[in-house]
Amino acid sequence: MREAIDTLRRRLAYLQQQEAIASDSAQKFTLSEQIAETKRSLAELEASPANPPPGALTAFRADMSRIDKYAPAELIGREAETQLLAEA
């Protein structure tokens, strides 16, 4: 999803640059239509729920089904810390 957004941003920058350079009115019209369409596509992708904003927390789903199978009966090497907690 990120790659598609980056591609659309690069396309938009290119089209805007070409619009500034173009002198033919038909070419300018075509470019302005392409810019509008690219902006719409970019807005849709950025607003989609599959694309959280940078830094946003996403739900993490851990597989808890194997914990009982692989976890030791007792934690090893933390006796001193667990004793302090037990005494508190």
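A: Contact here means heavy atoms within 4.5 Å. This is a predicted model, where local features need pLDDT of at least 70, side-chain atom pairs count only at pLDDT 80 or more, and totals for chains, interfaces and linings use all residues. Residues are numbered from 1 along each chain as its sequence is written, and side-chain values use heavy atoms, with hydrogens and water left out.

Q: OK, which residues is Leu 31 in contact with, leaving aside its neighbours within four places in sequence?

A: Leu 31 is in contact with Leu 15, Gln 18, Glu 19 and Ala 22.

Q: And what's in the largest nonpolar core?

A: Eight residues: Ile 5, Leu 8, Leu 12, Leu 15, Ala 22, Leu 31, Ile 35 and Leu 42. A nonpolar core is a set of buried Ala, Val, Leu, Ile, Met, Phe, Trp, Tyr and Cys residues joined through side-chain atoms within 4.5 Å. Buried means under 20% relative accessible area, exposed over 50%, and partly exposed in between (1.4 Å probe, protein chains only).

Q: Which elements give two or more residues to this core?

A: α1 (2-21) and α2 (25-47) do, and the largest share, four residues, comes from α1. Helices are DSSP runs (H or I, at least four residues), as are strands (E, at least two), numbered from the N terminus.

Q: Which residues of α1 are buried?

A: Ile 5, Leu 8, Leu 12 and Leu 15. They cover an arc of only 90° around the axis, so they sit on the same side of α1; that arc is taken from the directions from the helix axis to the C-beta atoms. What covers them includes α2.

Q: What's on the face turned away from that buried side?

A: That face of α1 carries the exposed residues Glu 3, Arg 10, Tyr 14 and Ile 21.

Q: Switching topic: how many salt bridges does the structure hold?

A: Two, a salt bridge being a side-chain nitrogen of Lys or Arg within 4 Å of a carboxyl oxygen of Asp or Glu. Glu 46 pairs with Arg 9, with the closest N and O atoms 2.5 Å apart. Glu 46 is in helix α2 and Arg 9 in helix α1, so this pair ties together parts 37 residues apart in sequence.

Q: And which residue does Glu 37 form a salt bridge with?

A: Arg 40, at 2.9 Å between the closest N and O atoms. Both lie in helix α2, three residues apart, about one turn of the helix.
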